[in-house]
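Thanks for coming. I will talk through one predicted model today, starting with its core and then turning to one helix pair.

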Amino acid sequence: MNGPAVHEPPAASTSWRVALPHTTAAVPVARALVRTALAEREHSADSDTAELLTAELVANAVEHTSGGAPIELVVRLLPAGFHVEVHDTDPAPPGDLTRPVLEAPDPWQEHGRGLLLIRALSSSCGHRPTESGKAVWFRLPGQRRRPA
């Protein structure tokens, strides 16, 4: 060994898992939870972008899944980023989240931009099957701020 080995254990992640109602009322609640999580843990991820993308995921889950089962919001503050998942009971993958966009959304339509925003503004995004349906997720760069 050429000198003392310096090893700093990785900072543990902090996470929240919250059941939200399968209604549009879940969207502002999810935004507030994300805003609070980032502020309380002094995380440097872009709060406005995190809120917007979380709102898009929750709104899509409410709009594109049936039934009254709750939607689950999972928020993880990681040492090198911020990860959000929205779980719903529909196993079908979400539209064009991971496929290339072949044509631009119609500028006169009210819908059709949510997944495009998630792809454009997140550092990574995707979906995965779960035991009860699927989880759709995005990640933003950032880190916990250290006290001065």
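The largest nonpolar core here has 28 residues. A nonpolar core is a set of buried Ala, Val, Leu, Ile, Met, Phe, Trp, Tyr and Cys residues joined through side-chain atoms within 4.5 Å; buried means under 20% relative accessible area with a 1.4 Å probe, protein chains only. Val58, Phe82 and Phe138 have the most contacts inside this core. At least two core residues come from each of helices H1 (26–40), H2 (47–64) and H3 (114–121), and from each of strands E2 (71–78), E3 (81–88) and E5 (133–141). These are DSSP runs, numbered from the N terminus: helices are H or I with at least four residues, strands E with at least two. H2 gives the most, seven residues.

On the sources: the model is predicted, so local features need pLDDT of at least 70 and side-chain atom pairs pLDDT 80 or more, while totals for chains, interfaces and linings use all residues. Residues are numbered from 1 along each chain as its sequence is written, and side-chain values use heavy atoms, without hydrogens and water.

Phe138 touches, among others, Leu53 and Leu57, and also Ile118, leaving out residues up to four places away in sequence. Contact means heavy atoms within 4.5 Å.

Now H2 against H3. Residues making this contact include Leu53 and Leu57 of H2, and Leu115 and Ile118 of H3.

Which residues of H3 are buried? They are Gly114, Leu115 and Ile118. Down the H3 axis, they fall within an arc of 100° (taken from the directions from the axis to the C-beta atoms), so they line one face of the helix. Their cover includes H2, strand E4 (124–130) and E5.

Note on methods: Buried < 20%, exposed > 50% of the residue type's maximum accessible area, 1.4 Å probe, protein only.
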